Amino acid sequence: MGVILRGCLLSGGMDSLALAFMVKPDFAFNIDYGQKCSRAERRASREFCRNTGIPLVELDIDCSCIGSGDLNGTEPASVAPKSDWWPFRNQLLITLCAAKAIEVGCSKLDIGTVCSDEYHVDGSSKFIEKMNDLLSLQEGGISLDAPAIHMTTVELVQRSQIPFDLLALSHSCHKANIPCTNCRGCNKHYSCLKDLGYCNG
């Protein structure tokens, strides 16, 4: 059996940075898909990879015409469970990432899904299992895993032992490249930092 190369979806957020630090992938993949916070996510991903030595693969594929909600700067779709829902976002990003991962020789992909993502169907264990089945069925036989899906973000950060200077690079705002401080992403970010003992209030 040949060497198994591991890839990791890297959004630049707290979960994905902690996961990448924990699993030490052979490649990280950051995708600008037209989201409002793409420049900050790309910057966080670049700095993290520069500091860890993980090769970063950057993809720019504007899918904003099919987006909605906070990440797209528009009203949420009528079926959105929360304001940050982008239609079929994880399915889209996993598919795009897998297509590029095949090119660089990866046979395994990790995504930074944590237990609190279950409020979206594409953050559930069942979704990850179905996407793994689909990818494994196709040419290349890529497998998909979410190693932190049963952890909270705080548990993932603690388990990963990511240094604070790397964690501080993360960008979690859904609405802008500068944290808005009033979206679900920002609220989670600061709540986790507080629980980790990195900030007061």
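These legends describe close-up views of a predicted model.

View 1. Five strands form an open sheet, arranged as E3-E2-E1-E4-E5 with parallel pairing. Strand E3 (56–60) and strand E5 (143–145) lie at the edges; each has a single partner strand, so one side of each is left without a neighbour in the sheet. From one strand to the next, the twist averages 25°.

**View 2. Strands E1 and E4 with helix H1.** Strand E1 (residues 5–9) pairs with strand E4 (residues 106–110) in the parallel sense, over 4 bridges. Leucine 5 has cysteine 106 in E4 as its bridge partner. Helix H1 (residues 14–23) lies across both E1 and E4, and its direction is at about 165° to that of E1.

**View 3. The largest pocket.** This pocket has a volume of about 850 Å³. It is lined by 40 residues, and those closest to its centre are Ser11, Asp15, Arg89, Asp117 and His174. The elements that each give two or more residues to this lining are H1, strand E2 (27–32), helix H3 (89–104) and helix H7 (184–195). H7 provides the largest share, 5 residues. By class, the lining has 15 nonpolar, 17 polar and 8 charged residues.

**View 4. The second largest pocket.** The volume here is about 190 Å³. The lining is made up of Pro81, Trp85, Phe88, Gln91, Tyr119, His120, Val121, Asp122, Phe127 and Met131. Of these residues, 7 are nonpolar, 2 are polar and 1 is charged.

Terms used. Residues are numbered from 1 along each chain as its sequence is written. This is a predicted model: local features need pLDDT of at least 70, side-chain atom pairs count only at pLDDT 80 or more; totals for chains, interfaces and linings use all residues. Side-chain values use heavy atoms; hydrogens and water are left out. Two strands pair if DSSP finds at least two bridges between them. Axes are lines fitted to C-alpha atoms, for helices over the stretch in contact, and angles run from 0 to 180 degrees between N-to-C directions. Contact means heavy atoms within 4.5 Å. On a 1 Å grid over the protein atoms alone, a cavity is a set of points where a 1.4 Å probe fits but cannot get out, and a pocket is an open set with protein on both sides within 12 Å along at least five of seven lines; lining residues have an atom within 4 Å of a point. Grid points are joined across faces, edges and corners, and a volume is the space filled by probe spheres set on the points. Ala, Val, Leu, Ile, Met, Phe, Trp, Tyr, Cys and Pro count as nonpolar, Asp, Glu, Lys and Arg as charged, and the others, Gly among them, as polar.
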